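Grab your viewer and let's work through a few exercises together.

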2 protein chains.
Amino acid sequence: MTKHEPDGAQNAGDAIAVEPVVTDLPGHRLVLGEIDPLRLASGQMLGPFTVAYQTYGTLNEDKSNAILVCHALTGDQYVAETHPVTGKDGWWGSIVGAGRTIDTDTYFVICINVLGGCMGTAGPKDIDPRTGAPFGLNFPVITIGDMVAAQKRVIEHLGIVKLFAVIGGSMGAMQALEWASRYPEMLFCAIPIAGAARHSAQNIAFHEVGRQAIMADPNWCGGAYYDRDLNPERGLAVARMAAHITYLSDSALHRKFGRNLQDRQKITFGFDADFQIESYLRHQGRSFVERFDANSYLYITRAMDYFDLAAEHNGQLPAAFEGSPVRFCLVSFTSDWLFPTAESRQIVHALNAVAASVSFVEIETDSGHDAFLLEEPEFFRILSGFLRGAADQYAQTMTGTNA
Amino acid sequence: MTKHEPDGAQNAGDAIAVEPVVTDLPGHRLVLGEIDPLRLASGQMLGPFTVAYQTYGTLNEDKSNAILVCHALTGDQYVAETHPVTGKDGWWGSIVGAGRTIDTDTYFVICINVLGGCMGTAGPKDIDPRTGAPFGLNFPVITIGDMVAAQKRVIEHLGIVKLFAVIGGSMGAMQALEWASRYPEMLFCAIPIAGAARHSAQNIAFHEVGRQAIMADPNWCGGAYYDRDLNPERGLAVARMAAHITYLSDSALHRKFGRNLQDRQKITFGFDADFQIESYLRHQGRSFVERFDANSYLYITRAMDYFDLAAEHNGQLPAAFEGSPVRFCLVSFTSDWLFPTAESRQIVHALNAVAASVSFVEIETDSGHDAFLLEEPEFFRILSGFLRGAADQYAQTMTGTNA
């Protein structure tokens with residue numbers, strides 16, 4: 001896999017390519033918004049701000065083979081390589097890579113750590129230039145739209161006029177929808193997977209539980225824990241545990257764990273992790289805090305809660321896609337109760353209402369929301385087919401805008 | 001509503017009726033197990049131990065009109081009267097009362113605070129007679145079977161040879177099933193509502209999140225917070241918030257709250273409770289800690305996790321009901337995802353396999369698990385019909401054992 005090094009020739013005015021200094025995180029970094037700060041949805045101005053991203057494959061001559069992968073709530077830019085912190089495989093290595101469904105021999109894949117994140121892009125753990133101390137809760141609250149606006153600057157910096165595709169699952173699907181709605185001329189197709197056009201009351205509720213768990217941890221210190229050598233890791237672990245249950249399904253949990261005991265023959269009549277599911281959840285909580293910042297969790301969950309594409313268009317979801325030239329491919333999973341099929345179907349109805357090009361498949365699986373991250377042969381097949389068809393169409397309709 | 005005062009004539013050998021001393025909680029208390037301690041499932045012996053209960057209606061001459069109501073995880077004995085702590089209506093006042101579905105003009109209704117609870121029955125906040133200090137985690141871990149064994153002693157103390165019915169929702173359903181399985185000769189019918197014969201992996205997972213939230217609270221102090229004037233209320237509130245989501249349904253949350261904002265016109269770009277669902281959940285958490293003990297929450301969730309009727313019978317659920325004379329009426333609710341209909345259906349299959357008398361109804365509602373506590377006319381109608389029919393049968397089969 002070759003890494004693309006942006007030449008900067010078509011950089012946006014104020015983009016500065018920087019090498020990682022503070023940390024040893026692999027990949028690319030840009031400082032953006034020095035001359036032209038980003039106006040956030042809140043009205044606040046953000047700039048300068050750092051954006052960290054990773055690329056796989058090679059951008060072709062006419063810059064027409066770029067696919068932007070948008071990561072989910074706790075994901076990051078390390079899509080298809082060993083994760084620099086956890087040492088685990090990239091989160092979408094099953095789909096993105098040489099010879100894979102999103103073939104990096106053909107496509108130039110970009111993934112950008114979202115605004116508010118903690119893997120190199122500006123977020124609450126960064127230094128606030130105005131105070132010299134970490135932002136904490138002084139970091140501005142951001143939205144999915146703000147994340148996408150920041151991503152757009154990176155794409156412009158790379159000299160890409162039109163992305164071949166924007167794809168993502170879960171919060172990544174929200175970003176793909178926002179991209180299609182906001183910058184329809186900048187992408188040929190959008191592939192929102194296991195997503196929704198707005199965060200449901202139940203999902204806001206689960207996020208609020210996670211946030212309250214973090215804020216209940218005395219080490220959180222109102223978000224100002226960085227300089228005190230503290231970390232609200234117990235609260236963050238509880239937040240992760242609660243969220244993790246929602247990523248799976250009742251039947252997947254039954255299949256994987258059932259009521260099996262963990263390294264014991266009998267229940268112990270105590271509060272140790274008697275059951276495998278308890279041990280598994282505790283492990284999920286513990287390992288998460290090693291790679292994720294608690295304040296970032298607050299900010300990114302909040303961005304998801306605020307996401308409501310229809311509300312941005314006077315309550316009319318079709319208006320978000322009026323006259324859209326974008327080809328849509330939506331995918332949902334039968335056992336996903338966090339972003340159930342009904343949510344994708346609402347988007348399909350809205351797209352149909354404005355005669356947009358849309359295909360929609362619901363995949364039969366018991367793996368729950370996490371199915372988009374797992375080996376799901378039918379999902380891979382659908383995705384391959386759509387990308388192949390879209391590539392043919394794109395070749396036919398290419399007008400040389402990227403040349 | 002007249003209160004029954006037990007005359008003690010048929011008391012179990014070591015039962016001592018005591019008036020509330022430590023607290024002003026209304027209702028009855030017994031001290032049991034002084035002479036004959038209770039052998040718990042763990043093998044530990046418990047005794048003496050206090051049991052608090054409440055009654056409604058009048059026990060008839062032949063003691064044949066008693067219905068034992070079993071409460072759920074966070075319920076208590078105040079079924080049909082103003083709650084002494086919260087000042088709210090009794091948790092099942094819609095069903096139990098004069099002229100209601102469970103008519104206290106006809107039936108003598110008993111509800112006993114479960115073992116491990118915090119409303120007068122022995123639990124972790126009580127004084128350990130061996131040390132003179134509160135039990136905390138030295139209280140023995142109890143099971144649904146232990147709760148039922150303690151209840152049996154109260155019923156014996158009241159001189160009741162055979163209960164007309166044992167009824168309960170959620171954990172109350174587990175107790176009703178345990179009663180029917182363990183003491184089939186002691187009840188004429190069992191009505192497990194929104195229950196299961198074993199706690200699922202997903203449900204164990206949610207309980208574990210709640211326990212971890214409590215244990216993560218530094219005020220928990222390993223369970224020894226009572227003497228330090230501390231209370232892990234933030235952890236307990238988070239536990240309650242997470243659990244509360246599971247009691248409702250996605251559609252009920254959508255119907256009740258949707259994405260409506262709380263006392264504001266616009267989102268605030270902050271971490272206040274912008275959405276009504278957030279404000280509602282926070283309120284649920286706050287009000288819960290005023291009436292519930294955190295350690296009791298640990299113990300009772302653990303008892304539910306451990307519940308597995310089939311496992312107690314070599315993995316064969318039908319064996320739990322072999323030859324049972326009990327008439328069963330099971331009820332489930334379509335939108336209940338905590339104790340879904342499939343769980344009730346498994347019990348029905350097991351009962352059919354041993355040719356037990358069973359009727360089963362799934363009620364259409366969008367109210368989720370909490371439906372068993374709410375105004376559900378079809379549920380009330382089913383329950384009335386079953387009780388009427390069972391009462392007729394009981395009158396025919398009465399052999400005077402209670403006389």
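Before the first exercise, a convention: axes are lines fitted to C-alpha atoms, for helices over the stretch in contact, and angles run from 0 to 180 degrees between N-to-C directions. Helices (H or I, at least four residues) and strands (E, at least two) are DSSP runs, numbered from the N terminus.

You're looking at a predicted model, where local features need pLDDT of at least 70, side-chain atom pairs count only at pLDDT 80 or more, and totals for chains, interfaces and linings use all residues. Residues are numbered from 1 along each chain as its sequence is written, while chains are lettered from A and ligands numbered from 1 in the order in which they are written.

**Exercise 1. Describe how α3(B) and α7(B) pack.**

Step 1: get the geometry. Two packed helices are described by the angle between their axes and the distance between the axes. Here the axes of α3(B) and α7(B), residues 294-306, come within 10 Å and cross at roughly 160°.

Step 2: classify the angle. Angles under 35 degrees count as roughly parallel, over 145 as roughly antiparallel, 65 to 115 as roughly perpendicular and the rest as oblique. So α3(B) and α7(B) are roughly antiparallel.

Step 3: find the hand. A crossing is left-handed if the near helix is turned anticlockwise from the far one by less than a right angle, and right-handed if clockwise. For α3(B) and α7(B) the crossing is left-handed.

Step 4: list who touches whom. Two residues are in contact if their C-beta atoms, placed from the backbone, lie within 7 Å. From α3(B) come I204(B), H207(B), G210(B), R211(B) and I214(B), and from α7(B) come A294(B), Y297(B), L298(B), T301(B), M304(B) and D305(B).

Step 5: sort by class. Ala, Val, Leu, Ile, Met, Phe, Trp, Tyr, Cys and Pro count as nonpolar, Asp, Glu, Lys and Arg as charged, and the others, Gly among them, as polar. The contact of α3(B) with α7(B) then splits into 6 nonpolar, 3 polar and 2 charged residues.

**Exercise 2. Do likewise for α3(B) and α4(B).**

Step 1: α4(B) spans residues 233-247, and its axis is 7 Å from that of α3(B), at an angle of about 165°. That angle makes α3(B) and α4(B) roughly antiparallel, therefore.

Step 2: the crossing of α3(B) past α4(B) is right-handed.

Step 3: on α3(B), the contact residues include F206(B), V209(B) and G210(B), and they meet a set on α4(B) that includes G235(B), L236(B) and V238(B). By class, the contact of α3(B) with α4(B) has 10 nonpolar and 3 polar residues, with no charged ones.

**Exercise 3. Now cross the chain boundary: how do α4(A) and α3(B) pack?**

Step 1: the axes of α4(A) and α3(B) (residues 201-216) are 10 Å apart, at an angle of about 170°. Therefore this pair, α4(A) and α3(B), is also roughly antiparallel.

Step 2: α4(A) and α3(B) cross with a left hand.

Step 3: α4(A) brings R234(A), G235(A), V238(A), M241(A), A242(A) and I245(A), while among the α3(B) partners are Q202(B), A205(B) and F206(B). The class count for α4(A) against α3(B) is 9 nonpolar, 3 polar and 1 charged.

**Exercise 4. Work out the relation between chain A and chain B.**

Step 1: superpose the copies by least squares on the C-alpha atoms of residues with pLDDT of at least 70 in both.

Step 2: check the surface. Both copies use the same one, as 100% of the contact residues of chain A recur in chain B.

Step 3: count the interface. There are 42 residues of chain A in contact with 42 of chain B. On the chain A side, α3(A) gives the most, with 11 residues, and the classes are 23 nonpolar, 8 polar and 11 charged.
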